[in-house]
Structures are given as structure tokens and as C-alpha cells.
Amino acid sequence: MKRILSLTLALVLFNCKEPITGDAKQTQNDIIEKFTDLVNSDLKDDNIGGSFSLAIIHKDSILVSKSYGKADLNTIFRIGSISKSFTGFLMMQLLQDGMLDLNDPVEKYLPEIKSLVDYGAYPPITLKQLATHTSGLERESRSRDEKVRFGNINEWENNLVKAISETSFRSKPGERFGYSNIGFAILGLTLSKVAGKPYIELVQENIFKPLAMNNTYFKVPENQRENLAKGMAGGPTAELDYERPKREQHEVGYRIPNGGIYSTPGDMAKFMKACMGYSDILNESGIEKLQTTQTPTTRLRSNYSFGFDLYSDQGINTVGHAGSNAGYAAHFEYEKDSEYGVILMRNYNFGNTNLDLRSNSLLRKLSVTE
């Protein structure tokens with residue numbers, strides 16, 4: 001009798017040691033199928049004739065690539081602030097090539113930054129501070145000049161220089177995190193001065209071309225316009241606005257290094273694999289820096305490196321960025337330990353699918369299967 005009780009107790013203790021959750025019982029394919037079905041159902045419930053595309057990867061392989069609604073696998077979307085990740089990645093490449101120091105003052109390469117309002121009242125802003133949103137700069141320029149805000153894409157550099165003189169500080173450089181779109185625009189222009197080439201050309205030569213991102217653009221060419229998802233701005237209770245997303249194909253002011261890229265999930269999967277280290281365009285040291293918190297203060301569960309949000313909670317550690325422009329929303333995120341990743345793209349700004357939460361939930365479930 002004692003032997004039976006001892007055996008029973010041992011089995012109970014063994015089973016309690018590592019309880020199997022409902023998620024752990026699911027296979028990788030089950031989890032992905034439920035996720036894609038949910039996205040498709042959400043799109044139907046939103047009921048505005050939208051387009052939705054996604055890719056899910058594991059390490060250097062694409063597990064699934066799907067499109068719903070009016071989209072197909074060639075459909076192009078604007079990725080918004082995920083463009084900042086390309087700028088941060090480019091900075092790591094220039095660091096790798098010995099062309100800059102992260103603590104270099106921006107004024108060393110871009111003296112125009114001295115026109116910032118109250119510039120002399122603070123220590124000089126560094127490249128690292130721009131790339132980590134710790135420059136202390138306001139989110140956007142205060143300029144009301146239409147050319148600064150919606151100038152032609154070919155004039156973005158001149159529009160940015162004009163905007164700098166109408167931008168001020170909200171905190172001391174290096175003191176705290178404060179998201180700044182114009183800060184990243186300034187970073188992009190500064191990197192172009194470091195390398196002696198236009199920013200757009202740098203990104204194309206250093207990232208797009210070596211990764212064969214053949215459907216990724218700052219300006220969608222005429223022969224690809226039919227593949228561009230028609231952006232629908234506005235909210236669920238407001239009339240849809242098709243004109244502003246169309247206008248911003250040409251007129252974006254200074255918003256190039258911080259929000260100007262158009263791409264597809266397939267191309268973004270190539271960039272994601274490079275961010276994981278499955279490419280020779282950035283060394284191991286650069287990859288590690290992109291995956292390591294660089295901000296001076298710890299935010300609850302979320303921090304920032306160089307153009308990437310870092311999220312750690314309940315056993316997962318993700319790296320990525322969200323993006324939103326008029327008529328487009330996108331999400332790019334991977335779990336650095338299990339190396340699962342997800343890319344989501346949509347041609348409207350609202351809807352049942354919360355791209356951030358759904359991506360995070362998917363990665364949490366997939367990580368359990370490892």
C-alpha cells in the first residue's frame with residue numbers, strides 16, 4: 001500500500017512540475033492556421049473592402065505567406081515607422097565600416113542642426129541620441145509651411161533643413177526617452193553626410209539590393225502602381241479618405257528616414273532574417289546592438305535600441321517596430337530566442353485586428369512550441 005501511495009505521489013509531483021498549457025499542446029501549424037483564420041475573419045468583419053497581407057517566418061525560412069481581401073502576394077503597402085528600423089540598421093552598417101562613432105555630435109556632420117530653437121542651451125545632440133529617441137527633440141517640427149509638411153519627396157532634405165529651424169526641445173538630450181519623428185529624419189540626413197551619398201541611395205545600395213528586396217521602394221514606380229494597395233485613411237465612424245494616402249506617394253515633407261518606405265511582407269521577411277543575423281550585410285556585433293536596450297531609463301516591459309522596439313514579458317523577448325501612415329498600418333516583430341517572426345500589412349488604419357497585440361500573442365504561442 002505504501003509503495004502504491006509513493007508511486008501515485010511521485011506521478012502527481014512529476015505532472016505538477018511542468019504543467020502543460022493549452023497553448024503548449026498546439027502544434028506550430030495549428031497555431032498559425034488559427035491565427036490566419038482570425039485575421040481573415042477580422043478583415044471580413046471590418047467590411048470596407050480592405051487588403052491584408054502577412055508573412056510568418058522561423059529562422060531563415062518563411063512558414064507562411066498569405067493575402068486576403070483585395071490583396072495578393074505582390075501587393076505593396078506603406079510600412080510607416082518601420083522605416084526607422086532601416087535607418088537604425090544603416091547606422092550600424094556605417095559603424096561597422098568605421099565611418100562614425102555613436103557618440104559623435106550631429107553637428108560634426110550636419111551643422112544645420114545648430115538652427116534648432118534653443119540649441120545653445122543644451123549639450124550637443126549625438127548620433128546615438130537621435131537613434132534611440134533620447135535627443136530631447138519634439139515629436140515633429142512646429143512648422144506650418146505646407147512644403148515642410150507635404151513637400152515633394154525629391155525635396156525632402158531641403159524641407160527637413162527648413163523644419164529644423166522651427167523645432168525645439170522638450171527635455172535635455174540623453175535624459176529620457178521621447179519619441180521623435182523629426183529626430184529620425186535628422187538622423188537619416190546626417191548618415192547621408194557621413195557616407196557622402198543621398199540617404200535613399202544608401203539604403204537601396206546597403207540593404208534593398210543585397211537582400212534582393214525587389215518590391216521595396218521610397219517612391220513606387222509607375223510600372224508597380226497597379227500593385228500598390230489603395231490606402232484608406234480615416235476611422236470607423238469617419239468617411240474614408242482616399243486622397244491623402246494617394247497624395248503622400250509624392251508629397252511627404254521630411255518624412256523619408258522616419259516613415260517613407262513601401263514594401264511587401266515577402267520583402268520584409270528578407271529584412272527580418274537579416275536582422276536575426278541570417279545575412280552578411282551586418283556583423284554579429286551590430287546585430288547584438290540592435291537587440292540590446294540602448295535607452296537610459298527602463299520602461300515597463302518595453303525599451304528601444306537603434307530603430308527597434310524591444311519588448312520583454314512572460315518569457316518572450318521581441319524585437320521590431322510598428323508603422324502607421326494615412327491609409328496604411330503595418331507591424332514587424334520577431335522573438336529573438338525562438339526566432340519566430342511575423343509581418344502584418346493593411347491598407348487602413350483601424351479594424352478588429354490590433355496588429356501589435358495579435359503579433360505579440362502569436363509569437364508567445366509559437367515560442368512555446370520550441
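Guide: By the rule used here, which takes a side-chain nitrogen of Lys or Arg within 4 Å of a carboxyl oxygen of Asp or Glu, the count comes to 12 salt bridges. This is a predicted model, in which local features need pLDDT of at least 70 and side-chain atom pairs count only at pLDDT 80 or more, while totals for chains, interfaces and linings use all residues. Residues are numbered from 1 along each chain as its sequence is written, and side-chain values use heavy atoms, with hydrogens and water left out.

Visitor: Which residue forms a salt bridge with R78?

Guide: The partner of R78 is E248, and their closest N and O atoms are 2.7 Å apart.

Visitor: Where in the chain do R78 and E248 lie?

Guide: R78 is in strand 3 (residues 77-78), and E248 is in the loop between helix 10 (243-247) and strand 4 (262-263). The pair links distant parts of the chain, 170 residues apart. Helices (H or I, at least four residues) and strands (E, at least two) are DSSP runs, numbered from the N terminus.

Visitor: Is R78 buried or exposed? And which residues share its network?

Guide: R78 is buried, at 2% relative accessibility, and E248 is buried as well, with a relative accessible area of 2%. Buried means under 20% relative accessible area, exposed over 50%, and partly exposed in between (1.4 Å probe, protein chains only). The network of salt bridges links R78, R244, E248 and R255.

Visitor: What about E138, which residue does it pair with?

Guide: E138 forms a salt bridge with R142, at 2.6 Å between the closest N and O atoms. E138 is buried at 12%, whereas R142 is exposed at 54%.

Visitor: And D104, which side chain does it meet?

Guide: D104 meets K108 in a salt bridge of 3.8 Å, N to O. D104 counts as buried at 10% relative accessibility, and K108 as exposed at 53%.

Visitor: Changing topic: how many residues has helix 3?

Guide: Helix 3 (residues 28-46) has 19 residues. From first C-alpha to last, helix 3 reaches 27 Å, close to the 27 Å expected at 1.5 Å a residue, that span being 1.5 Å times one less than the number of residues.

Visitor: Which residues of helix 3 are buried?

Guide: I31, I32, F35, T36, V39, D42, L43 and D46 are buried. Seen down the helix axis, they fall within an arc of 125 degrees, so they line one face of helix 3; the arc is that of the directions from the axis to the C-beta atoms.

Visitor: What does the face turned away from that buried side carry?

Guide: That face of helix 3 carries the exposed residues N29, K34, K44 and D45. Just after helix 3, N47 takes a positive phi of about 55 degrees.
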